[in-house]
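Let's take a friendly walk through a protein model, looking at how its chains meet. Please have the sequence and the 3D view open as you read.

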Amino acid sequence: MFSNREGPDQLHAGALLTQAWQQIVGCRHAVRQQGVTPIPLLRFDLIEGRSESDVRKIRDITHDVLIETLQVPKRDRYQVVHEHKRSRMIVEDTGLGFVRSDHVLLLQVTSRPRSREMKEAFYRLLVERLAARCGISPDAVIENFVTNADEDWSFGVGWAQFLTGELSTDLQAKARIGSPA
Amino acid sequence: MFSNREGPDQLHAGALLTQAWQQIVGCRHAVRQQGVTPIPLLRFDLIEGRSESDVRKIRDITHDVLIETLQVPKRDRYQVVHEHKRSRMIVEDTGLGFVRSDHVLLLQVTSRPRSREMKEAFYRLLVERLAARCGISPDAVIENFVTNADEDWSFGVGWAQFLTGELSTDLQAKARIGSPA
Amino acid sequence: MFSNREGPDQLHAGALLTQAWQQIVGCRHAVRQQGVTPIPLLRFDLIEGRSESDVRKIRDITHDVLIETLQVPKRDRYQVVHEHKRSRMIVEDTGLGFVRSDHVLLLQVTSRPRSREMKEAFYRLLVERLAARCGISPDAVIENFVTNADEDWSFGVGWAQFLTGELSTDLQAKARIGSPA
């Protein structure tokens, strides 16, 4: 449907540009760090009104905990923060007795498979760090994972980097659990 | 990386705070209601412009339908509403002949596994209730589920409540289908 | 809980309305196009500041690529665009050397299962088209899939159209890979 709007010259230029990009990409070295396995996308849902510095701290602490418990590479950071009006985010307690406040933080992680132990370590350490360093009550933090597969990720340039071997998929990596402080 | 910015006293205070919280948490009673299994996160996508009261009705009706068809506990409510500019939400009809309007409602549920019968009952009853009580055309409602596992949920304080046994995981719970009105 | 606020007449009218809708729905013809299988929900995450026309091009190009590589029906379009402040979307490079800019585009597709080949074709062709027709660097595009099942979709009126047979579930459909331009 786009061919009606673009002439052959434009399309040819586009194809050349794509080729050039692919050559640049082809020169990059594969990243295969020992014992680390990328984990990608984190969605944070928060109620609006937090300061820039608070949001930054939440993001940074979460990424540090990810590195420590799920053994991800340092620059494996894909974070999206959604802020909502108070009336647009309802979080109750499933009868568990949690006191939810306007500081509630809902975190959804989409990732390739991680071990149960890694996930438990992640839940625990994140809550501890957010309490100790950000003053967020452990009652306010809800976390969940959604799992997908190697073939479900392209990190850029249209390649599936787990399939091409550019990224390691070492599932045996052991969780290195940091102390809470 | 945070140890550069915080002294040992602050870290110690944080650790103590965490311990105190964990003691409080440990005193809470486990919630094991007969025949109910929590289902967590609902994301609503709507086009902006609805009244506060309409949004509240949509949320409340959906939660009631969840309780009736998927047998969740009363306070098992985790709802996030995303509102979008008209041009940021495109919903066509897959050739099924639905007339989509600006009242379109897209609902994505992330949950532990539920039976096919439960999901079908949820789809049907939600559409009926939204029509009868909120005037939303059945044509405007799109629903989908994404499934994860017991170990994929922490509802607070960094514990995985399905693994600790604080929450029941009774998959045999039968759907109690309410009448449409 | 709603019965306190609505009288029997209102409820009866609602039930009648629902019945009428169901009759209309029942008359619609099932859509079973040869060799196509619907794929539903696409979430785009972008940094705010793009023009309306750029957003429209991104949406249209992505839908065309979906039709070509994943063999979806023409009107199988369910797109939601989330725009974020710069500080609310952090996208690094997992050490792969990508130069991310403010034009970063994160695409999350929730779909019934598609073959590995189809997904690889989708990743590649989308990046090529966005570069050639929209000037978006292949470095800026991150794509991922989350998979669910037939019973996880209701496209309208509360029916699960893959279960009722209204929608085909032909998984054998071969990817028809378009040339990049």
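Is C:Lys119 buried or exposed? C:Lys119 counts as buried, at 3% relative accessibility. Here buried means under 20% relative accessible area, exposed means over 50%, and partly exposed lies in between (1.4 Å probe, protein chains only).

## Before we start

This is a predicted model, in which local features need pLDDT of at least 70 and side-chain atom pairs count only at pLDDT 80 or more, while totals for chains, interfaces and linings use all residues. Residues are numbered from 1 along each chain as its sequence is written, chains are lettered from A and ligands numbered from 1 in the order in which they are written, and side-chain values use heavy atoms, with hydrogens and water left out.

## Where chain A meets chain C

Chain A brings 45 residues to this contact and chain C brings 47 residues, where contact means heavy atoms within 4.5 Å. About 4,200 Å² is buried between the two chains, with 54% coming from carbon and sulfur atoms. Buried area is the accessible area (1.4 Å probe) that two parts lose on being put together, summed over both.

Seven salt bridges cross the interface of chain A and chain C; a salt bridge is a side-chain nitrogen of Lys or Arg within 4 Å of a carboxyl oxygen of Asp or Glu. One of them joins C:Arg88 and A:Glu83 (2.7 Å, N to O). Another links A:Glu151 with C:Lys119, whose closest N and O atoms are 2.9 Å apart. A:Glu151 sits in the loop between strand 5 and strand 6 of chain A and C:Lys119 in helix 3 (residues 116-134) of chain C, so this pair joins two chains. Helices (H or I, at least four residues) and strands (E, at least two) are DSSP runs, numbered from the N terminus.

Two strands pair if DSSP finds at least two bridges between them. In this pairing, A:Val80 has C:Met89 as its bridge partner.

## Where chain B meets chain A

This contact takes 45 residues from chain B and 47 residues from chain A. Together the chains bury about 4,100 Å², 54% of it on carbon and sulfur atoms.

Seven salt bridges are found across this interface, including one between B:Glu151 and A:Lys119 (2.8 Å, N to O). Strand 3 (residues 89-91) of chain A pairs with strand 2 of chain B in the antiparallel sense, over three bridges. There, A:Val91 stands opposite B:Tyr78.

## Salt bridges within a chain

Over all chains, the whole structure has 36 salt bridges. Within chain A, the side chains of A:Asp150 and A:Arg112 meet in one (2.4 Å, N to O). A:Asp150 lies in the loop between strand 5 (141-147) and strand 6 (153-154), and A:Arg112 in the loop between strand 4 (105-111) and helix 3 (116-134), so the pair ties together parts that are 38 residues apart in sequence. A:Asp150 is partly exposed, with a relative accessible area of 26%, whereas A:Arg112 is buried at 2%.

In chain B, B:Arg129 and B:Glu68 form a salt bridge, with their closest N and O atoms 3.0 Å apart. B:Arg129 belongs to helix 3 (residues 116-134) and B:Glu68 to helix 2, so this link ties together parts 61 residues apart in sequence. Both B:Arg129 and B:Glu68 are buried.
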